[in-house]
Amino acid sequence: VVTFRGPVAAGYSAVSEVKGDLELPEAKAEGKLPVVLVLHGSAGLDGRGDFHGKALNAAGIGTLEISMFSRGNRPRAGRNENLTHMYGALKYLASRPEIDQERIGVMGFSWGGGLSLTAASASITQLFTGGQVRFAAHAPFYPVCWSHLRVTSDPKASGYGRYKTPTGAPVLMSAGGEDDYDEPDTCENFIASLAE
């Protein structure tokens, strides 16, 4: 178990301590390690992070799965309350000498998927890191696309325009065709709303 502070950004909550499980592969490759930050869903920590973490570790990639809240205690104010957890983890990983700060990815499920997608925003990343570091790749799993589509299409939405400028890191978004959190074409509409 590792602990670190969440960074402070104007207008966003901060936390004094974030906890997570850092797993580094047993067989270390030459040079510094790539690592993936794993973000849980709205029900808290469950087996999804462990499932993907074992596969990543077996492939020579480290993982850090953090706890953003306990089961049943997701923030009522929304995912933005956990941006400090995510960026605290990024800064913590980038500070470790055995980790390659140019190869830190982020993946998440539902609630965490939404956060991992939000991290592709250059303005949000700049706000929390001062431009010192960014995620190298994003893998949001079923990130509840309607909330992201709203941010690109509704000028009255909180966070409107956050996807106007992306960080430039690749994003692999996975969503189920029968997921009833979204309409069947919501994720496609979100992608279509982005600048080329």
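Biologist: What is the accessible surface of the protein chain, and what share of it belongs to carbon and sulfur atoms?

Modeller: Accessible areas are computed by the Shrake-Rupley method with a 1.4 Å probe, and for residues only the protein chains shown count as cover. Here the total is about 10200 Å², with 51% belonging to carbon and sulfur atoms. This is a predicted model, in which local features need pLDDT of at least 70, side-chain atom pairs count only at pLDDT 80 or more, and totals for chains, interfaces and linings use all residues. Residues are numbered from 1 along each chain as its sequence is written, and side-chain values use heavy atoms, with hydrogens and water left out.

Biologist: How many helices and strands does the protein chain have?

Modeller: Helices (H or I, at least four residues) and strands (E, at least two) are DSSP runs, numbered from the N terminus. The protein chain has 6 helices and 6 strands, in the order β-β-β-α-β-α-β-α-α-β-α-α.

Biologist: Which residues of helix 4 are buried?

Modeller: Buried means under 20% relative accessible area, exposed over 50%, and partly exposed in between (1.4 Å probe, protein chains only). In helix 4, residues 122-129, the buried ones are Ile124, Thr125, Phe128 and Thr129. Seen down the helix axis, they fall within an arc of 105°, so they line one face of helix 4; the arc is that of the directions from the axis to the C-beta atoms. An α-helix has 3.6 residues a turn, so residues three or four places apart point the same way.

Biologist: What covers the buried residues of helix 4?

Modeller: Contact means heavy atoms within 4.5 Å. The cover includes helix 2 (83-95) and helix 3 (111-118). Just after helix 4, Gly130 has a positive phi of about 65°.
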